[in-house]
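Please have a look at it, and then read the points in order.

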Amino acid sequence: MRNFFQRLSEGYRRFMVGRYGSDQLSRFLMFLSVVMLILNMIFRSRTPIFYFLVWALIVYSYFRMFSKNIEKRYNENTRYLQLKEKVMNWFRNRRSSGKYYNSSASNRDSYQNYNQAYHNAQSGSHTMRSDREHRIFRCPSCDQRVRVPRGRGKIEITCPRCGQTFVKRS
Ligand SMILES: [Zn+2]
């Protein structure tokens, strides 16, 4: 039995090579589907559209996790994080107006996720290269190459290998 589970997790690992995996957006979608299920139980809604929405959310989350189009999934997650940041800022500004909030924390999460996804995809067809949309930096502590989107100004980059953070102009 133990052998069976070992083979299963080994198979899953092999299956996930080159695939995007989970991120903030898919976790949010899963959370949303659970909230909708609970609301459905509380209100005993009999409308089929509700069940359809819950299933659509679950299927879409899995589709994103198993997707091999890492670039596209990353951009979706970035848009989600930017939108979330805007919403959070709106709430913060209502509480205390005129204060400046730094968004580097969520940006850092986003870049870390991006680099992890690329790390997972290394045995796939993706190769790390610099182009008009991306820049490559080397981690000052372990020399790991880190690829980030261009034109985001000064950003804090977290090395996916050793966790060292360093600031670069993208
Ligand atoms: Zn490093």
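Predicted model: local features only at pLDDT ≥ 70, side-chain atom pairs only at ≥ 80, totals over all residues.

1. The protein has five helices and four strands. Along the sequence they come in the order α-α-α-α-α-β-β-β-β.

2. Of the 170 residues of the protein, 14% count as buried. Among contacts between residues at least 6 apart in sequence, 51% join residues at least 24 apart.

3. Let us start with helix α1, which covers residues 2–16. Is α1 buried or in the open? The number of buried residues among its 15 is zero, so α1 lies largely in the open. Gly-18 follows α1 and has a positive phi, near 80 degrees.

4. Next, please look at how α2 (residues 24–43) and α3 (residues 48–66) pack. Two packed helices are described by the angle between their axes and the distance between the axes. Here the angle is about 160 degrees and the axes are 9 Å apart. Because angles over 145 degrees count as roughly antiparallel, α2 is roughly antiparallel to α3. Their crossing is left-handed.

5. Which residues of α2 and α3 meet? On the α2 side they are Ser-26, Leu-29, Met-30, Leu-32, Ser-33, Met-36, Leu-37 and Asn-40. Their partners in α3 are Phe-50, Leu-53, Val-54, Leu-57, Ile-58, Tyr-60, Ser-61, Arg-64 and Met-65. By class, this contact has 12 nonpolar, four polar and one charged residues.

6. Helix α4 takes up residues 70–95. Which residues of α4 are buried? They are Arg-73, Tyr-74, Asn-77, Thr-78 and Leu-81.

7. Finally, do look at Asp-143, in the loop between β1 (134–138) and β2 (145–149). Most residues other than glycine have a negative phi. Asp-143 is not a glycine, yet its phi is positive, about 70 degrees. Is Asp-143 buried or exposed? It has 10 C-beta neighbours inside 10 Å, and a residue with 12 or fewer is exposed, so Asp-143 counts as exposed.

Technical notes:
Residues numbered from 1 in each chain as written. Axes fitted to C-alpha atoms, helices over the stretch in contact; angles between N-to-C directions. Helix = DSSP H or I, 4+ residues; strand = E, 2+ residues; numbered from the N terminus. Parallel < 35°, antiparallel > 145°, perpendicular 65-115°, else oblique. Left-handed = near helix turned anticlockwise from the far one by under 90°. Contact = placed C-beta atoms within 7 Å. Nonpolar A, V, L, I, M, F, W, Y, C, P; charged D, E, K, R; others polar. Expected span 1.5 Å × (residues − 1). Buried ≥ 20, exposed ≤ 12 C-beta atoms within 10 Å, placed from the backbone.
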